[in-house]
Amino acid sequence: MFGYMIKRFAYSIFTLFVIITITFFLMHAIPGNVYNSEKNLPPAIVENIRAKYGLDKPLSEQYFTMLKNTLKLDFGISMKNRGRPVNDIITEHFPHSARLGIFSITLCLFIGIPLGILSALKKDKWQDRLAMIIATLGVSVPGFVVAVLTQYLLGVKLKWFPVIGDKTIYHLILPAIALSFLPISFIARLVRSSMVEVLEQDYIRTARAKGLSERVVIYKHALKNSIMPVVTYLGPLIAGVLTGSFVIESIFNIPGLGRYFVTSISNRDYTVTMGVTIFYAVFLVLMNFAVDVLYTVLDPRIKLKN
Amino acid sequence: MKNNLLEINNLYTTFRTYAGKVYALNNVSFSIGKGEAVGVVGESGSGKSVTMLSIMRLLAENGFVESGSIIFDNKNLSELTDKQMQDLRGNEIGMIFQDPMTSLNPVFTIGNQLVESIVKHTKLNRSEAKQKAVELLKMVGIPSPEKRLKQYPHEFSGGMRQRVMIAMALSCEPKLLIADEPTTALDVTIQAQIIELMKDLKEKLNMSIILITHDLGLVADICEKVVVMYGGTIVEQGTTEDIFYNPQHPYTKGLLKCIPRMNMGRERLKPIEGQPPDMINPPKGCPFVERCSSAMKICELQKPIYTEIKKGHGAACWLHEAGSKGV
Ligand SMILES: Nc1ncnc2c1ncn2[C@@H]1O[C@H](COP(=O)(O)OP(=O)(O)OP(=O)(O)O)[C@@H](O)[C@H]1O
Ligand SMILES: [Mg+2]
């Protein structure tokens with residue numbers, strides 16, 4: 001376990017390093033710069049600003065300065081919102097994203113898993129067929145289409161839900177549906193196929209031969225085994241909800257970090273782009289580690305070994 | 001008749017498949033007395049497991065008992081509700097399956113899996129049930145049972161898992177233990193230990209046993225009666241002596257010839273020449289006709305009727321029908 005942790009840690013550091021490096025050079029490869037959007041500034045002022053942010057130095061030097069600061073957890077100051085530290089921006093906007101993310105993932109699990117179970121238990125009956133048609137739709141329609149459709153139908157036309165913002169849980173329903181429609185469908189299909197397989201296993205027959213009720217056979221013996229693939233999917237799920245939120249937050253005008261991130265790229269706000277990238281990368285690495293630990297807790301056969 | 005614990009009469013079981021209806025059991029009848037051990041032998045696909053699963057009402061979703069009756073302990077099992085059947089399974093009838101490696105749930109501890117059936121069928125609470133589980137593991141010869149209860153199936157060897165399965169099947173002191181090839185997956189020394197254990201428990205608990213096996217040596221070892229199955233029917237049954245010293249059906253004779261004379265040890269049944277019958281389009285006559293060296297014309301045309309040559313010993317074969325000779 002300890003050896004595994006060390007190895008995993010080293011591996012994570014390396015991954016982060018690669019992500020940071022690629023992001024840095026890609027970001028600087030995009031033409032344009034942070035003052036593009038502003039009216040023609042006198043060259044002297046531009047020079048001043050460039051010098052202030054170190055943009056006049058060679059790229060390699062900028063890169064190493066950035067690495068050094070990153071190690072000190074100092075992501076610098078936003079180039080667009082002058083004077084605002086990137087760390088402040090993250091602490092202000094991330095909670096909005098986190099709220100939406102947690103709500104969406106809860107939806108994914110609490111709708112996706114029961115839907116999968118229902119399908120497996122009603123295999124080849126109409127309930128199963130219907131659920132699988134919806135699920136197939138779900139994995140093929142992109143989130144932003146769902147977003148715009150629900151926004152229009154349930155928001156504008158029927159006026160059931162507010163269309164923009166994230167003030168209340170109520171506001172979160174539409175964006176959460178848009179974010180979780182695909183993963184719900186995916187989870188439902190995952191659970192269905194593993195449940196169908198598990199129900200044919202010998203140990204399920206043993207459980208029935210012991211005289212356990214159908215409820216215990218399914219919700220204890222079959223479910224814990226069928227849920228394993230969902231646990232493996234949790235890592236990609238969190239990543240998916242996170243990246244999905246970049247678009248969804250923009251569509252629903254939610255002041256989350258995702259929307260801020262997208263804007264920072266078009267503004268060439270290098271420090272913000274870099275800071276948010278690193279933040280998300282670390283976040284995902286931690287989440288994946290948590291998922292691995294959870295996996296070993298649920299399945300005793302798996303040991304965290306080198 | 002009064003003393004019979006289990007009585008199966010004219011059982012027919014089928015499976016619906018895409019290829020057609022599989023006639024898995026055709027008119028199976030036999031009985032078991034209290035405290036008696038019956039061996040069920042026959043080659044792969046002859047319907048041994050399907051018979052047991054029909055009794056337990058544990059057939060796969062596409063399996064159906066078409067007709068026949070199963071009387072257990074003076075109860076007609078087909079009249080019981082699902083709930084009553086649950087109360088019976090694991091309580092009055094225990095079952096052990098062939099493959100100990102896959103028959104235990106990998107994600108729950110042995111203790112958890114033992115305790116749940118004890119709690120379900122007795123009035124014991126969880127901690128009393130745990131105590132009982134420790135005793136059971138001791139009884140089946142698992143060392144340091146307290147520690148073992150907290151372990152998962154993958155931490156046990158095959159033989160140890162089969163002991164756990166036996167402990168589980170016996171946890172509520174069933175009147176009948178159905179053991180479907182309990183030792184096939186185990187190596188020879190472990191097999192011997194498991195069998196000794198079963199013999200021992202049979203004496204101690206006065207329990208009836210149905211032992212399904214390919215191993216005639218094993219049958220001779222613990223069973224008082226033998227049922228020989230072929231192609232979904234019982235071709236011969238009788239006491240162990242009857243079957244071993246006075247076999248009537250050509251298939252039984254074939255089986256016995258397959259045991260090497262030198263050591264009447266635990267040898268697997270060697271296959272008799274030929275293929276088992278097609279169960280989707282079963283032969284009109286005797287299912288064994290294709291492979292029988294003494295087949296006659298009538299064997300192809302009509303099913304032989306099961307007839308007793310003495311009380312408790314009978315076979316389904318035209319050779320014994322008076323008047324059929326030379327047809
Ligand atoms: N779920 C099922 N669907 C279709 N046919 C089945 C099913 N289960 C069993 N059968 C058929 O029933 C027949 C009897 O099978 P059974 O499992 O009882 O054989 P067996 O005597 O136990 O063999 P073995 O010694 O290999 O365990 C076989 O022809 C088998 O193909
Ligand atoms: Mg079998």
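Guide: Angles under 35 degrees count as roughly parallel, over 145 as roughly antiparallel, 65 to 115 as roughly perpendicular and the rest as oblique. Axes are lines fitted to C-alpha atoms, for helices over the stretch in contact, and angles run from 0 to 180 degrees between N-to-C directions. This is a predicted model: local features need pLDDT of at least 70, side-chain atom pairs count only at pLDDT 80 or more, and totals for chains, interfaces and linings use all residues. Residues are numbered from 1 along each chain as its sequence is written, chains are lettered from A and ligands numbered from 1 in the order written, and side-chain values use heavy atoms, without hydrogens and water.

Visitor: At what angle do α6(A) and α10(A) pack?

Guide: Helix α6 (residues 143–157) and helix α10 (residues 228–251), both of chain A, pack at about 25 degrees, with axes 10 Å apart. The two are therefore roughly parallel.

Visitor: Which residues of α6(A) and α10(A) meet?

Guide: Contact means heavy atoms within 4.5 Å. From α6(A), G143(A), F144(A), A147(A), V148(A) and Q151(A) meet V247(A), I248(A) and I251(A) of α10(A).

Visitor: How is empty space found?

Guide: A probe the size of a water molecule, rolled over the atoms, shows where empty space is left.

Visitor: Which element gives the most to the lining of the largest pocket?

Guide: β4(B) does, with six residues. Helices (H or I, at least four residues) and strands (E, at least two) are DSSP runs, numbered from the N terminus. In the second largest pocket, β1(B) gives the most to the lining, also with six residues.
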